[in-house]
Amino acid sequence: MIEILAVLGIPLAGSLALAAVGHRPVAASVNIAASLGTFVAAAVLTARVVTDGPMLVLDKLFFVDPFNVFLVALTAFVGFTTSLFSRPYMRIERERGKVDAARLRLYHAMYQLFNFTMLLALLTNNMGILWVALEAATLTTVLLVSLYRTPASLEAAWKYFILCGVGIAQALFGTILLFFAAEKLLGAGGGALLWTELDAVKSQLEPTVLSIAFVFLLVGYGTKVGLVPLHNWLPDAHAEGPTPVSAVLSGLLLNVALYAVVRCKVLVEGAIPTAFAKNLMMGFGLLSVVVAAFLLSRQKDVKRLFAYSSIEHMGIVTFAFGMGGAVANFAGLLHMTVHSLTKSAIFFAVGHATQKTGTQLMDGIRGLITTSPVIGWGLMIGTLAILGMPPFGVFASEFLILTTAMREQPWATPFLLVALGVAFAAVFSKVQPMAFGEPVAERLPHRPAMIPVFVHLAIVLMLGLWIPPFLADWYRQAAQLIG
């Protein structure tokens, strides 16, 4: 119980502290310290769950099993490395006049509050609190996306707020229907929304009500995942907000929203013997992969390019969880891990590249290998990793998903192969001249934080060559839990 309270309490306390001192030079160090404390607490919690098994504490308010503790550890780790990247990045933004003291304080306070809302969504056992936490995550990130207060950033934040607000309202209606289906069995108290209680009686839940609830929950939470056609907010939010926000949006928030969908899918599959939930998830996932792949070739803004790449990869993970089964779920969990690590590393490199050149347009970013080898190689290696080149972990997870689809859903395999090929050609053709073209850049006033980039990519490379036995067992347990 202490571990859970620490995981939630440290970022919440950090947010309150940074609301007071977030404009001072010490704020970046406080942000890093809070993020490091959260990561250490998450590591202790993970060790506890791996050793002792699932935990249900505080009157069943919090529930931790191998599925969500894996995401807690990943969220805390990427939150910590992003805070390291954030220090020099935001210092340069302030020196160039893009943010003032008040906005810097808002950024630091909301960054920690955003981490808190994501961790609360992962750890809560109550489906109602899960909805509240994801709504709070939306509100905090709206403030982060609009940090620069330019017309474009305000428009992106407004679009994000409206679309995700409408989506989360659909999820609320789905949660109400879920409560309606459960109250006859579990009573009208708060127990009717506890996931562990629902999971115990899922075979007795009303199938018709639950199927309608899942449609609303998938549409609602799928909006935050960025599934097509609910994705319009995502490229704008990534392009107009600070790059550290793009990293945590793409690397963390999308995972947490998909986690909510998968938890709901487990309940529906227990109540409805047909492939209703599976087909919906596979359909949305496959549509997202195909549409995002073809939209990649039209992008001129580097952050929008990788935002559409995030839509493609979340579509792949959604399709994998839709197929279900031991191998597909294992591959989906692995892909969530490697995508989060790789995409956040790419955004770290992109953030420094855009600061060097003063533009996010890819035509204005050239010759990074010459002007800044660490940034150029970080971007190039990260791009090859996210495109599924062996021996990186993205290749391993995509290979597992494709081979499973060939066996279980052969009709979908051609769509996946064509989409992955189109995405590879589009992204590589745009990033290659950014790295190896004619140099156009200036020297950064502060040394870029590239250590997180190469740490992330080293882990992704390791997961492509060798998955540690304890991590493989962890994935297997989580895959079994979600069906």
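Trainee: Leaving aside its neighbours within four places in sequence, which residues is Met1 in contact with?

Mentor: Bear in mind that this is a predicted model. Met1, which sits in the segment before α1 (2-21), is in contact with Arg48, Met55, Val57 and Leu58 once those sequence neighbours are set aside.

Trainee: What is the phi of Leu58, and where does Leu58 lie?

Mentor: Most residues other than glycine have a negative phi. Leu58, however, has a positive phi near 50° and lies in the loop between β1 (55-57) and β2 (62-64). Asp59, in the loop between β1 and β2, also has a positive phi, near 55°; Leu58 is partly exposed at 36% relative accessibility, whereas Asp59 is exposed at 75%.

Trainee: Which residues does a cis peptide bond join?

Mentor: Most peptide bonds are trans. Here a cis bond joins Val228 and Pro229, with omega about 5°, and Pro229 lies in the loop between α8 (207-225) and α9 (233-240). Another cis bond joins Pro390 and Pro391, with omega about 10°, and Pro391 lies in the loop between α15 (373-386) and α16 (393-408).

Trainee: How many residues has the largest nonpolar core?

Mentor: That core has 176 residues, and those with the most contacts inside it are Leu45, Tyr221 and Phe306. Its largest share, 19 residues, comes from helix α10 (residues 243-271).

Methods
Residues are numbered from 1 along each chain as its sequence is written. This is a predicted model: local features need pLDDT of at least 70, side-chain atom pairs count only at pLDDT 80 or more; totals for chains, interfaces and linings use all residues. Side-chain values use heavy atoms; hydrogens and water are left out. A nonpolar core is a set of buried Ala, Val, Leu, Ile, Met, Phe, Trp, Tyr and Cys residues joined through side-chain atoms within 4.5 Å. Buried means under 20% relative accessible area, exposed over 50%, partly exposed in between (1.4 Å probe, protein chains only). Helices (H or I, at least four residues) and strands (E, at least two) are DSSP runs, numbered from the N terminus. Contact means heavy atoms within 4.5 Å.
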